[in-house]
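Q: Could you walk me through this model and how its parts pack together?

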Amino acid sequence: MTIAINHLSRRFTDFRALDDVSLSIAPGEFVALLGPSGSGKTTLLRILAGLDFPDAGELVRDGRDLLQVSARDRDVGLVFQHYALFRHMTVFENVAFGLRVRPRARRPSKAEIADRVDKLLKRVQLDGMAQRYPSQLSGGQRQRVALARALATEPELLLLDEPFGALDAQVRVALRRWLRHLHEEMRLTTVFVTHDQEEALELADRVVVMSQGRIEQVGTPDEVYQQPATPFVFEFIGKSNKLPVRIQNGRVVAGDQRIEAEGLEGMADGSAVAYVRPEHLAFTPAALESGWRATLRHVYLAGSVAHLELDIPTLGQTLEAELGGEEAQRRALQAGMSVTVQPRHLTIFPLAGNSGEPDITRRRVVHPRYGQAALARWR
Amino acid sequence: MARRVLPGFGLSLGYTLAYLGLIVLLPLAALAVKASGLGLGGLWDTLTSAQVLAALRLSFGAALLSAVINAVVGLLVAWVLVRYTFPGRRLFDALVDLPFALPTAVAGIALTTLYAPKGWLGAWLVPLGVKIAFTPLGVLVAMIFVGFPFVVRTVQPVLESLDRDIEEAATMLGASRLQTFTRVLFPLLLPALLTGFALALARAVGEYGSVIFIAGNIPLKSEILPLVIVKQLEQHKYSDAAAVGVIMLALSFLLLLAISLLQRWTQRWTER
């Protein structure tokens, strides 16, 4: 069951919710639509569900035009952010609803319905709760009822709208691990919407990063984290430092440093922005020729990781670096000490001459060469 | 006694009970005492007189029917006011309350003028054989008029608070529009609908001012109970009047109690 989303556009009166979005979803895949609010991810989900319709583009499932099929007949299960349980029905009645409203010819017998609901409630670990009302359940339990209800009609596609958005942090983590296991058991094609990158990276087979109605990048969680395709993805996923640089004679000029780097070959001179992840900054207390001189302004020890603020006068900005928490303590890092900082990787987007915007088609990942002066990264 | 954090329980409960006793229970008790002056036999004779029985049937029959009609139409009006935006919606919304504000006698006279054989509507309806003014039908029309706002005003906020989510959820699960309404929306609206129904019913049973103008007040035909009471008062039959009052009160109380129990049952999912 492959779903092809081709050139979908959806305009609301004052903004473009979707702008020429294309995506293909493979059978059994677990896809995350990740983006900030207003990025169009929920609109895309609602179009998949049949609750909204695009102004242009097509939606095809196995050769069948889904836009001609009403939400009722799409065989799609949808789990809402705020559960949308029927509060006047018991857990059992909620889960049985989709079966009970079927036309008589396709409706299972009472015994079959009861049997199927029981199995589903076991599957979502809510056996024994069948006769409760939603108001008697916790948030996590309600969300599982909503999931069981959506699964009851045996949909071909499962959609989840911010499924953990309304839950406590601890419940959220437990529930998403559980959902991942459930997906591995059932192999049901699943698309979920989230603004939480951790959730997307942890759960999904493939992450679709969206911004302002467009797809910024599609890739495995590892790809979108390790090789962000656009400045937006860099800034939205994980942490990153953004520095204005210049490319000059095959070198990256940043502050007082003219960095020689692998991967710069043939790059035209001009202004650019460079991104570097905090964990890709190496530093040492020793004063070295290659590398920026910096002052360690703050050390934030957050459990297993230490976040460091490095003031770099020649760059005129503060960079964020990361270090293992134990390592940070062992090295006796002190606010106020002087260090030398070397970036290990830089992702460079030249600025387009006419607009001054980063040109994502000329993106380069470069690896600075420091030779003998290279710092061993502290771990 | 358990310690309470919120102060003033004793004072406020005492005040509430005293107030309720003074304003509601005392007059009702006086009514019962007055009626007991008749003795059981006399009470029975009064209540089973043809005039009282006919009026009982008309008052409660028409009130029930008007409340049913108001429930159906009120639900519809609330639905339209909440679900759709159209020019003049706010004005329409404000108009709903007018029957509350209008002196009932004015309403009665207005309705009578409209439905009288020479009135705007009567001139059309009477030739068709539909006589409203000065018939039991007129009683019904007046009761519908005065009870109209209740259902709208009780259902409206509940309807407004319903999330679109649940309707979409029902659709996604394969329910038709009709199934979504009957299985999901209606049960959620039912408690509020019953509240509105009970209020409209109580109002219609007790309505006097507007009804007596349009009813024609023909004994045994279009005479309501409150009017029977007034007539007995005019004949200085105070105990009889009190007896009819007591029976009205008892019947109303039983009806409201039944509705309230029904309502609790329809809301069983919120109690725990």
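This is a predicted model: local features need pLDDT of at least 70, side-chain atom pairs count only at pLDDT 80 or more; totals for chains, interfaces and linings use all residues.

A: Residues are numbered from 1 along each chain as its sequence is written, while chains are lettered from A and ligands numbered from 1 in the order in which they are written.

Q: How many helices and strands does chain B have?
A: Chain B has 14 helices and zero strands, taken as DSSP runs numbered from the N terminus (H or I, at least four residues, for helices; E, at least two, for strands).

Q: OK, and what angle do helix 8 and helix 10 of chain B pack at?
A: Helix 8 (residues 136-161) and helix 10 (residues 177-206) of chain B pack at about 160 degrees, with their axes 8 Å apart, where axes are lines fitted to C-alpha atoms over the stretch in contact and angles run from 0 to 180 degrees between N-to-C directions. Helix 8 of chain B is therefore roughly antiparallel to helix 10 of chain B, a label for angles over 145 degrees.

Q: What sort of residues make up that contact, nonpolar, polar or charged?
A: They divide into 14 nonpolar, four polar and one charged, with Ala, Val, Leu, Ile, Met, Phe, Trp, Tyr, Cys and Pro counted as nonpolar, Asp, Glu, Lys and Arg as charged, and the others, Gly among them, as polar.

Q: And what does chain B span along its principal axes?
A: The C-alpha trace of chain B spans about 70 × 65 × 30 Å.

Note on methods:
Angles under 35 degrees count as roughly parallel, over 145 as roughly antiparallel, 65 to 115 as roughly perpendicular and the rest as oblique.
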